[in-house]
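Biologist: I would like to learn how to read a model like this one. Could we go through some features in turn?

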Amino acid sequence: MNARDVISAVWFLDDGRVSPSDLCSALVKGPRVLGANILEDTGVIAIYTENGGVVGLETNQGAIRCDAIGLWSRENAAMAGVEAPLWPGEHFYLLTKPVEGIHVNLPTLSDHDGHLYIRDDSGGLLIGCFEPVGKPIAPEIVGENTPFQLLQEDWGHFEPMMTNALHRLPCLETAEVKILLNGAESFTPDSSFLLGESAETTGLFLGCGMNFVGIAISGGAGMALAHCIVHGHTPPLICTKLIPNVFPNALIPLRHWRSACPKFWVSIMPLSILRVSG
């Protein structure tokens, strides 16, 4: 690592990471043991309300009566008369082929001044970014199978972040690129996820806009949503800034998001773990 311009750094000894697929399997195991049904490949077509409250929904597999969704949260919430302040955006990360000296479970490098996070991956490196000016996705482009599809590469957009990565890790100059991946993520105006009951429709609880931290907060967010459904309100410890109705009305309409959304990416990395000179 090039540390010539680094003033200070912090090593979080207790940091860790987990396989998303393994975590997902672990999280659904408990509910299934207790008799819950997990409906995969099931899209929401309509949400039914009565007297300002949710009473059920229609899916492509049939109707479900309930008191209660990712990239489609804005569209699905709108079915129940709720305006959710969310917008999809492109998220880039690059994978290299094996690099000499890289081994499993190296500490993750977060260079927030460079808008980067870097870690080992199958003997190579994963270089991800939350660039200062993000690249939003038009809602009409987000199709039903978007979570399982990759978006087009955009080397021109990624190039400034790659330049930062080359500065921080000179070994990348000779590393062989495996692939530049581009997938869709859901963002909010303040980079904080939404968790709680909507202001417009009772019984509609939002747990969305995870801003790429869904894995890290999945256990707690799931617990809080279950508390919402069972008790009708968020747990006392949930921060009020996460409640969906904290945003002014001016931040919610689509016309605002089309111009303002690219600026929200940089707030994902507000603090510097590496402090650099200059």
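Biologist: Where in the chain is the place of Phe212?

Modeller: Phe212 sits in the loop between E12 and H4. This is a predicted model, in which local features need pLDDT of at least 70 and side-chain atom pairs count only at pLDDT 80 or more, while totals for chains, interfaces and linings use all residues. Residues are numbered from 1 along each chain as its sequence is written, and side-chain values use heavy atoms, with hydrogens and water left out. The labels follow DSSP runs numbered from the N terminus: helices are H or I runs of at least four residues, and strands are E runs of at least two.

Biologist: Is Gly209 buried or exposed?

Modeller: Gly209 lies in the loop between strand E12 (205-208) and helix H4 (214-231). Gly209 counts as buried because its relative accessibility is 2%.

Biologist: What does a positive phi tell me, and which residues have one?

Modeller: Most residues other than glycine have a negative phi, and most peptide bonds are trans. Asn105 is not a glycine, yet its phi is positive at about 65°. Asn105 is in the loop between E5 and strand E6 (109-111), and at 60% relative accessibility it is exposed. His115 also is not a glycine and has a positive phi of about 65°. His115 belongs to the loop between E6 and E7, and at 14% it is buried.

Biologist: How is the length of a helix checked, for instance in H3?

Modeller: The expected span is 1.5 Å times one less than the number of residues. H3 (residues 155-168) has 14 residues and spans 19 Å from first C-alpha to last, close to the expected 20 Å. H1 (residues 20-33), with 14 residues, reaches 21 Å, also close to the expected 20 Å.

Biologist: Where is the kink in H3 centred?

Modeller: The bend at a residue is the angle between axes fitted to the seven residues ending there and the seven starting there. The kink in H3 is about 30° and is centred on Met161.

Biologist: Which residues of H3 are buried?

Modeller: An α-helix has 3.6 residues a turn, so residues three or four places apart point the same way. The buried residues in H3 are Phe158, Met161, Met162, Ala165 and Arg168.

Biologist: How many residues are in the largest nonpolar core?

Modeller: In soluble globular proteins, nonpolar side chains tend to be buried together. A nonpolar core is a set of buried Ala, Val, Leu, Ile, Met, Phe, Trp, Tyr and Cys residues joined through side-chain atoms within 4.5 Å. The largest one here has 18 residues, and those with the most contacts inside it include Leu116, Ile118 and Phe158. Two or more residues come from each of E5 (87-96), E7, E8 (124-129) and H3. H3 gives the largest share of this core, four residues.

Biologist: Is Asn182 buried or exposed?

Modeller: Asn182 is in strand E10 (residues 177-187), and with 0% relative accessibility it is buried. Asn182 and Gln149 are 33 residues apart in sequence, and 9.2 Å separates their C-alpha atoms.

How values were computed:
Buried means under 20% relative accessible area, exposed over 50%, partly exposed in between (1.4 Å probe, protein chains only).
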